[in-house]
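I opened the notebook to look up a few things in this structure. The entries follow in the order I made them.

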Amino acid sequence: MDLLSKKCKPCEGGVDPFDADTAHVYLIDTPDWQMDDQAKKIEREFKFKKFINSIDFVNAVADLAENEGHHPDIFISFNFVKLMLTTHAIKGLSENDFIMAAKINNIYNHFLNG
């Protein structure tokens with residue numbers, strides 16, 4: 001599936017969250033993201049050389065989140081950023097979480113490759 005070409009869709013609830021099997025299929029296209037044991041969220045840590053690189057990355061993710069209408073939980077430390085994604089309206093995972101994860105991976109790759 002081409003998650004990079006998709007756009008997050010508003011979720012007001014009323015749909016079931018992904019089951020673990022469906023989420024595992026999506027994880028194939030979102031390398032380095034880990035799913036929790038209940039299949040309710042995915043998360044990833046991103047490493048940087050300097051604090052300012054962490055902040056620049058978070059700003060790029062924030063811009064993406066605003067454009068997609070889907071926002072991660074963000075934890076910032078000196079040289080790493082931890083992001084967690086879940087679809088709060090359904091208390092679990094949806095395609096939106098994996099679209100964001102793929103696009104965040106793309107942003108990170110741009111940071112690594114200058």
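How many nonpolar, polar and charged residues does the lining of the largest pocket have? I was working from a predicted model. I counted by class and got three nonpolar, seven polar and two charged residues in that lining.

Next I listed the residues themselves. The lining of the largest pocket runs through Lys-9, Pro-10 and Cys-11, then Glu-68, Gly-69, His-70 and His-71, then Thr-86, Thr-87, His-88 and Ala-89, and it takes in Asn-96. I noted about 150 Å³ of space in this pocket.

Then I turned to the helices. Two packed helices are described by the angle between their axes and the distance between the axes. For helix α2 (residues 51-68) and helix α3 (residues 95-112) I have an angle of about 145 degrees and axes 10 Å apart.

From α2 they are Asn-53, Asp-56, Phe-57, Ala-60, Val-61, Leu-64, Ala-65 and Glu-68; from α3 they are Ile-99, Met-100, Lys-103, Ile-104, Ile-107, Tyr-108 and Phe-111. By class, I put this contact down as 11 nonpolar, one polar and three charged residues. Glu-68 is in this contact, and Glu-68 also lines the largest pocket.

Last, I checked the rings. I found 11 aromatic pairs in the structure. One of them joins Phe-46 and Tyr-108: the ring centres are 4.9 Å apart and the planes stand at 70 degrees, so I logged the pair as edge-to-face. Phe-46 belongs to strand β2 (residues 42-47) and Tyr-108 to helix α3, so this pair ties together parts 62 residues apart in sequence.

Notes. Residues numbered from 1 in each chain as written. Predicted model: local features only at pLDDT ≥ 70, side-chain atom pairs only at ≥ 80, totals over all residues. Heavy atoms only, no water. Axes fitted to C-alpha atoms, helices over the stretch in contact; angles between N-to-C directions. Helix = DSSP H or I, 4+ residues; strand = E, 2+ residues; numbered from the N terminus. Contact = heavy atoms within 4.5 Å. Nonpolar A, V, L, I, M, F, W, Y, C, P; charged D, E, K, R; others polar. 1 Å grid on protein atoms, 1.4 Å probe; cavity = no way out; pocket = protein on both sides within 12 Å on 5 of 7 lines; lining within 4 Å. Points joined across faces, edges and corners; volume = space filled by probe spheres on them. Phe/Tyr/Trp six-rings, centres within 6.5 Å; stacked < 30°, edge-to-face > 60°.
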